[in-house]
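Morning, everyone. Please bring up the structure, and I'll walk you through a few spots.

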Amino acid sequence: MPPHPRPVDLRCEHLVNPLGLDETAPRFSWKLADSRVGAGQTACQIEVSTHSGEIVWDSLRVDTDASVLIPYSGPALEPHTRYHWRARIWDHEGVVTGWSEVAWFETGFLDSKAIWPGAKWIHLPVPKTDSARPATQLRKHFSLAAAPREARLYITARGLFEAHINGGRIGKDHLTPGWTDYRHRLEYLTYDVTAQLNAGENTLGAFLADGWYAGYLGWKRDHDLYGDTSALFAALRIIEKDGSIRWIGTDSTWRGSTGPLVAADLYDGETYDARLTNTAWCTPTFSARGWKPARELVCTPLPLAAKAFGCVRTTEELRAVVLTQPAKGRHVFDLGQNMVGNIRLRIRAPRGTRITLRYAEMLQADGTPYTANLRGAKATDIYLCRGAGVEIYEPRFTFHGFRYVELTGLKARPRLDAVTGLVWHTEMTPTGTFTCSDPLVNQLQSNIRWGQRGNFLEVPTDCPQRDERLGWTGDAQVFIPTAAFNYDVSAFFRKWTRDLADGQYPSGAYPDIAPDVFFKLWPDNAGGTAAWGDAGVICPWTIYRKYGDIRILEENYSAMARSVAFQEKTSTRLIRPDTNYGDWLAPDASQAGWAATPSDLIGTAYFAHTAGIMARVARILERDADAKRFTRLHTRVIAAFNRHYVTPDGRIAGDTQTAYLLALGFDLLPEKQRPAALAHLERTLKRRNNHLCTGFVGTPLLCPVLTRFGRTDLAYRLLFNEGYPSWFFPIKNGATTMWERWNSWTPDKGFGEVGMNSFNHYAYGAIGEWLYATVGGISELAPGFRRILLRPQPHEKLTHAAATLESPYGRITSKWKRTRATFTWIVEVPPNTQATAVPPGVSLDTVKIDGQPWDQHAGVHGTVLPDNRPALTLLPGRYTFTMPPQPGLS
């Protein structure tokens, strides 16, 4: 027995020690540190106490094996209060463990309509122009009789802010407070600034920029989508030494000025005049002579919700690997990796030197940046040197998607270390790993992860570089299973599903983009597009499946139900209308992007799929009448699909790969017709020389469906294809992220269609789920991976593969290696779970575990799968399987 088995990795609302939480009933989770075979939990106890040690809730012993997302059930929590909590459990033998380490959470306002004492919306008027506007600086001077006992800054903006206090930056977050649908909701952040305040004079300040609120947004080059004036809203809560509380809010006593950020825009970039920099602007000694009083702004009241997921942070730095000069004065830095974020410029130049920085994902044949695919986004930063030794510049209120940085304006060649890439994305905990013996597959996995990192920036965007960068819902829903393997995205998607619900149309249709911008960019678009509008049902369901979070279903149930009702109401005999996009960017698409698969077929397939999901959700939430209604609807839509699109011999309208994949993947066909449909799918692949011909809708289903119906060999063939179209084709042509098109660049034609050609677009990375589940061998059988399926299906071209997943219960491992003599498979099942293991092969007779026949191992029991395949049930623990190599691998 381990010396001290106990709960570890304590989390509150998926987060470690969250500061400023607006949950009235926060939920607690932990993992069990116990390496014994069969380790588990039979009961638990949670204690929640105040900072002074007073216990406000003691659950006492509760007989339960639940250890994930246990809701607080004590007296009402107080706002602006730190609570400490700990847990202990009774193990599988009924023995109580020691208490965990103490964790904490701190509440915010706990009411989205709460009054922020003394706070008004403030701004500094700047001229309205058709170009990027300057960022302003706002400051407040105040005095304290003594250093405070405690101080919290609550702050948000209509726009973007960067907060400072007494000469130092507050926090390490970028692009705060982030992006919501500003017509409906704003998020605020909480910062502990106790240590940054002093007895005597103090200064609080912030930079303020337009950001998503009033900057360029969308491809029409429009400003002011949500409003034409960025504004700041903040309240500093100070607890004095004597316990008295003082509030300092944003109001007309603040003063403002423009400064060195003479232009700041997310799409176009920044212009920074270092000659105007005064590093003391937010210190008590600074003279604000010439600064103007801030103006208070009357704004439509909006709910203010505490930010309950990671902020955008710098998560990695990339050094330039190559510096070239393709033309006189044009210096191009290659960072070796397509990335998203900004750079750190380190330079020495005379005062007034104008340095221009342009960003690109690819180079043209002459070595200069390829920027045509950025469309209207200028993606250019300009830095004017102050001329005082080495200068360092990092853009604040913009971001770029790039591998290459072109620097112009210097008379001499810069050093290679003059440019460093700063990788930005929403802070997420890495959870999954995958590797194998094939370097191209490993590069594919790397491209998938980099694509997710770059596009999970506040919302799941389609692309990070051009004049778009929007939360396209179809991209997100096809990729979310892969996303949840790579990183912990539970809190990220909980927030984004709120964006989806905020944008839901009165008709019940979900928007195609969240936060929705089509209300201004494309007013005729009424949402509800097949595969895009379905994200509002699919994404909450997937988060529930991956993390066991039932609250996301409860929060979204009403909106989800309205979405399915919209589909029923706007269908003709349960057949959906022909809507936009189709199987977007499939190789059989027309020039406009619409593919050969009928859009109404896609819509009807997704209608059936979402109705089926809603039946399951209703049962989980014990809404029995709704469950019966959705079950009947699901059955009726399937019947309509078969009546309208399927011939007696299993041929489906359109006769495309995607049509068969939808029918098979969503269980839309009678059992007896599935073999015929599979044969037709194989035929459509064969006529393309066993190459895929799928777009955003079909590609995520391709390999999973083939594996499910016994053609893993064909799935591997598609994976290993190197010619166009395939996953390896971009890699063979230098890709380090996923491309928007299978042919975004080709050796014979060069760059693809300029209007829609991103080199960082994660949708086709949805194959990552199949890599984890089929090559690696990890998938879930129950929500949150409480029950696990371990079933690798090796291929003769691979000699080894390994997958790990840090699940809500602990690490899951599936690692196999094949030699001529032996197949070795190491698996790890975390405490408080159970796994079904399916060793490769048709028999268990030669399987040994930890050197002995499997049926002599205490933690293992035999079972049979629904397809009559022999399998093993594993209790928590670590196991090493050995067996002879299997003939006839996939």
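Start at Arg86. Its charged end sits over the ring of Trp99, 4.0 Å from the ring's centre. Keep in mind that this is a predicted model. There is another contact of this kind to look at. Arg629 lies over the face of Phe630, and here the distance to the ring centre is 4.5 Å.

Now, rings against rings. How many aromatic pairs does a search of the whole structure find? The count is 57. A pair of aromatic rings is described by two things: the distance of the centres and the angle of the planes.

Take Phe493 and Trp496. They pair edge-to-face, at 5.9 Å centre to centre, with 85° between the planes. Both belong to helix H4, residues 490–502. They are three residues apart there, so about one helical turn separates them. The general rule is that an α-helix has 3.6 residues a turn, so residues three or four places apart point the same way. Buried or exposed, then, for Phe493? Buried, with a relative accessible area of 0%. Trp496 counts as buried too, at 0% relative accessibility.

Next pair: Phe696 and Tyr764. This one is edge-to-face as well, 5.2 Å centre to centre and 85° between the planes. It links distant parts of the chain, 68 residues apart. Phe696 is in the loop between helices H11 and H12. Tyr764 is in the loop between strand S38 and helix H15. Both Phe696 and Tyr764 are buried.

Rings also gather in a cluster. Ring pairs link Phe109, Trp116, Trp121, Tyr154, Tyr188, Phe233 and Trp247.

Back to H15, residues 768–776. Why call this helix largely enclosed by the rest of the structure? Because seven of its nine residues are buried. Among them are Trp770, Leu771 and Tyr772. Gly768 and Gly776 are buried as well. Just after the helix comes Gly777, with a positive phi of about 105°.

Last stop, a sheet. Six strands make up an open sheet, and the order is S13-S12-S15-S10-S18-S21, with antiparallel pairing. Which strands stand at the edges? S13, residues 168–169, and S21, residues 292–293. Each has a single partner strand, so one side of each is left without a neighbour in the sheet. Strands of a sheet pair through backbone hydrogen bonds. For S21, the pairing with S18, residues 255–258, is antiparallel and runs over two bridges. In one of them, Arg255 has Pro293 of S21 as its bridge partner.

That's the tour. Thanks.

Conventions. Residues numbered from 1 in each chain as written. Predicted model: local features only at pLDDT ≥ 70, side-chain atom pairs only at ≥ 80, totals over all residues. Heavy atoms only, no water. Buried < 20%, exposed > 50% of the residue type's maximum accessible area, 1.4 Å probe, protein only. Helix = DSSP H or I, 4+ residues; strand = E, 2+ residues; numbered from the N terminus. Pairing = 2+ DSSP bridges. Phe/Tyr/Trp six-rings, centres within 6.5 Å; stacked < 30°, edge-to-face > 60°. Lys NZ or Arg CZ within 6 Å of the ring centre and 35° of its normal.
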